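Student: I am new to this one. Could you walk me through how to read its features?

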Amino acid sequence: MNNSASAQSYVADPRNEQVLVYVNGRLVPRQEASVSVFDSGFVLGDGVWEGLRVVNGRILQLDAHLDRMFEGANSIALDIGQSREDLKDAIRQTLEVNGMDDGVHIRLMVSRGLKSTPNQDPRFVIGKATVVIVAEYKAPRPDTKSKGLSLFTSTFRTSGPDVFDLRLNSHSRLNLIQALIQAINAGADEALMLDPRGFVASCNSTNFFVVKGRELWTSTGSFSFKGLTQKAVIDSWRNTGNVVHEKDFTLAEAYSADEAFITGTLGGVTPVVRIDGRIIGSGAPGAVTLEAEKAYKDWVLR
């Protein structure tokens, strides 16, 4: 398995071998960046994270990302041990020491911290939360954008908040990884996932849109993660006077869409040209998708 065909594909950049990684207040070479095998994140995936993008010296939607991080941490009773301003300073410090100001993807990760023994009980945590910031030069692969992606509808469903709230951006992603493995084995690039009722929810790592005429349809978010890039695409499309519906729709309606695309922090807007072997629209990136991407890029530049 490699990243040659994936919604998370990126152009390899040798500069990333020299980046310094933020680990609990220290900036260390990539090869030396590590956490304990007794860390809550390693033991059980007990933590929250955010993926951020740096464009033209600006960290996109920084406050919205921190809102989501602190909301998620609060919901699982995780004390990050740093304020919003502390985390902003740590992110900016990481960028500055690496001389980064454009084309950068950041993964901000917080776990519950070191445990005295590898078990589930959070009362066995000793010390403070673990905070890691990885900043890398990442650009989407041009061929992914130009050719479009192929999706496979997984048998693994997304979950509601009574089972596992996907709007909680947690380190625990095994269900979504299982869906992606299934898609890869089926020869696709990303998994399309249905909710427990059978309506289209999202992909395993991105949000999903279909185009009907000039309308964009995406899921309500009741059974999927509420992506910040998804929100930016919705807002930018509406700001140009166009219509977006956040609604339930079926796989059959997705098959018959005029166009389709996904949204994510790394790739922005990426066309989808095939679902379950069925060609979507013309089988090539569509005009409305490209227009939605332009509206999103204009929003980024503003």
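Student: Leaving aside neighbours within four places in sequence, which residues is I91 in contact with?

Tutor: Contact means heavy atoms within 4.5 Å. Beyond neighbours within four places in sequence, I91 is in contact with I59, L62, I106, L108 and I133. Keep in mind that this is a predicted model, where local features need pLDDT of at least 70 and side-chain atom pairs count only at pLDDT 80 or more, while totals for chains, interfaces and linings use all residues. Residues are numbered from 1 along each chain as its sequence is written, and side-chain values use heavy atoms, with hydrogens and water left out.

Student: Which residues touch the most other members of the largest nonpolar core?

Tutor: A nonpolar core is a set of buried Ala, Val, Leu, Ile, Met, Phe, Trp, Tyr and Cys residues joined through side-chain atoms within 4.5 Å. Buried means under 20% relative accessible area, exposed over 50%, and partly exposed in between (1.4 Å probe, protein chains only). Here the largest core has 27 residues, and I91, L95, V104, I106, L108 and V110 touch the most other members. At least two residues come from each of β3 (47-55), α2 (62-75), α3 (84-97), β5 (104-111) and β6 (130-137); these helices (H or I, at least four residues) and strands (E, at least two) are DSSP runs, numbered from the N terminus. Another core, of 19 residues, lies apart from it, and includes L192, V200, V210 and A254.

Student: Is T94 buried or exposed?

Tutor: T94 sits in helix α3, and its relative accessible area is 0%, so T94 is buried. Not counting residues up to four places away in sequence, T94 touches L20, Y22, L27, I133 and A135.

Student: How do I read two packed helices?

Tutor: Two packed helices are described by the angle between their axes and the distance between the axes. Axes are lines fitted to C-alpha atoms, for helices over the stretch in contact, and angles run from 0 to 180 degrees between N-to-C directions. Helix α6 (residues 228-239) packs against helix α8 (residues 287-301) at about 100°, with the axes 9 Å apart. That makes α6 roughly perpendicular to α8 (65 to 115 degrees; under 35 is roughly parallel, over 145 roughly antiparallel, the rest oblique).

Student: Which residues of α6 and α8 meet?

Tutor: From α6 come T229, A232, V233, S236 and W237, which meet V288, E291, A292, A295, Y296 and W299 in α8.

Student: Y296 and W299 are both in α8. Are they buried or partly exposed?

Tutor: Y296 counts as buried, at 7% relative accessibility, whereas W299 counts as partly exposed, at 24%.
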